[in-house]
Amino acid sequence: MKKLFAVLGDPIGHSMSPIMHNDLFSYYEIDAAYHPFQVKNEDLKTAIQGLKTIGISGFNVTVPHKSSIIPLLDDVDNLAKQIGAVNTVVNEDGKLVGYNTDGLGFLRGLTAYIPSIVDRKVLIIGAGGAARAIYFTLAYNKPRVIDLANRTVGKAEELIKACPVMVESRALSLEDASNHLKDYDVIIQTTTIGMSPNSSEQPIVIANLNHQALVCDIIYNPLETKLLKEAKQKGASTQNGLDMFIYQGALAFEKWTGISPDVQRMKENVLKQLGGTQNVNR
Ligand code: NAP
């Protein structure tokens, strides 16, 4: 029988996940289909019960359900529990089990740019769900420092306190971070600032950027945010959010099928939909 996979969110029309996963199912000759479902907050519980009843094989969860889904699942793995968010659910013998592949997806993508995060001085801009997944995942990988800068500094403080791994970290205002930008080897922008249609905005002034730094923006629409454009002009290396998106999807696909998919194919497919080009090996 054809297997069913899905992504739940609200809104969901913009999601690239159906195109990416349906292409993989056909490429690997798996009899399965992946559908987007727009689910409102108040309908999430009923939607999950329905999906479980019809025997869904697995699904992704996106904004705004990544945290609220946790109590509705049969089990949640430890990292996702610590992060407090689930983006991938696997039907394991009738039980819906939640995972978070966002942080590891980011880390996998990062390794194409820097071989290791060990001993690096990292700044994360933002303290929302994505920042939390990235911070917790990087914290397990022995960076020298991970500072967090956020519009609401209290949220950055809470995030640092919640992390079970001890890592040298400070919560900063966006202005403080901007003033000390030259101290960082890796800067990771995780706020919504700069995302289409507000692509003329950027969250932080980068006059003090170290030109040897790597600047990552987890936004992939547009492929080059204003922040990345400026960082590139200053001679820094840059990475957009496409790698994170591709690798979080690849990790989900692997959990569902046991197959480690062709990430280059995934990237080319998504880039085609976004109407962009980039050297997919970098
Ligand atoms: P979120 O939980 O809502 O967090 C939003 C963050 O943006 C918070 O730090 C918030 O600061 C900050 N922010 C929002 N408006 C701001 C403003 N006007 N000025 C300064 N800061 C502002 O969102 P999320 O789930 O973490 O997602 C964040 C971004 O990451 C989105 O663009 C999303 O598309 C992208 N993302 C990409 C991937 C990928 O695979 N590439 C995966 C996940 C997410 P406050 O705390 O002060 O409100």
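Reader: What should I know about the model before reading the values?
Author: It is a predicted model in which local features need pLDDT of at least 70, side-chain atom pairs count only at pLDDT 80 or more, and totals for chains, interfaces and linings use all residues. Residues are numbered from 1 along each chain as its sequence is written, and side-chain values use heavy atoms, with hydrogens and water left out.

Reader: Why is Q239 called buried?
Author: Buried means under 20% relative accessible area, exposed over 50%, and partly exposed in between, with a 1.4 Å probe and protein chains only. Q239 has 3% relative accessibility, so it counts as buried. Q239 sits in strand β12 (residues 237-239); a strand is a DSSP run of E with at least two residues, a helix a run of H or I with at least four, and both are numbered from the N terminus.

Reader: What makes the pair formed by Q239 and G109 a polar contact?
Author: A polar contact is a pair of N or O atoms within 3.5 Å; within protein, one must be able to donate a hydrogen and the other to accept it, and residues adjacent in sequence count only if both atoms are side-chain atoms. A polar atom of the Q239 side chain lies 3.1 Å from the backbone oxygen of G109, so the distance falls within the limit. Contact in the wider sense means heavy atoms within 4.5 Å, and the residues that Q239 touches, beyond those up to four places away in sequence, include F106, Y113 and L228.

Reader: Why does N150 count as buried?
Author: N150 has 10% relative accessibility, which is under 20%, so the label is buried. N150 belongs to the loop between β8 (145-149) and α6 (153-162). A polar atom of its side chain lies 3.3 Å from the backbone nitrogen of A127.

Reader: How do you know that the span of α10 agrees with its number of residues?
Author: The expected span is 1.5 Å times one less than the number of residues. For the twelve residues of α10 (residues 263-274) this should give 16 Å, and the end C-alpha atoms are 16 Å apart, so the two agree.

Reader: What caps the N-terminal end of α10, and what follows the helix?
Author: D262 is the cap, with a side-chain oxygen 3.1 Å from the backbone nitrogen of Q264. G275 follows α10 and has a positive phi, near 70°.

Reader: Which residues of α10 are buried, and what do they pack against?
Author: The buried residues are M266, K267, N269, V270 and L271. They pack against α1 (17-27) and α9 (242-257).

Reader: Why is D93 called exposed but D119 partly exposed?
Author: D93 has a relative accessible area of 82%, which is over 50%, so D93 is exposed. D93 is in the loop between β5 (88-92) and β6 (95-99), and D119 is in the loop between α4 (102-110) and β7 (121-125). D93 has a positive phi of about 50° although not a glycine; for D119, also not a glycine, phi is positive at about 70°.

Reader: Why is D75 called partly exposed?
Author: Its relative accessible area is 42%, which falls between 20% and 50%, so partly exposed is the label. D75 is in strand β4 (residues 75-76).
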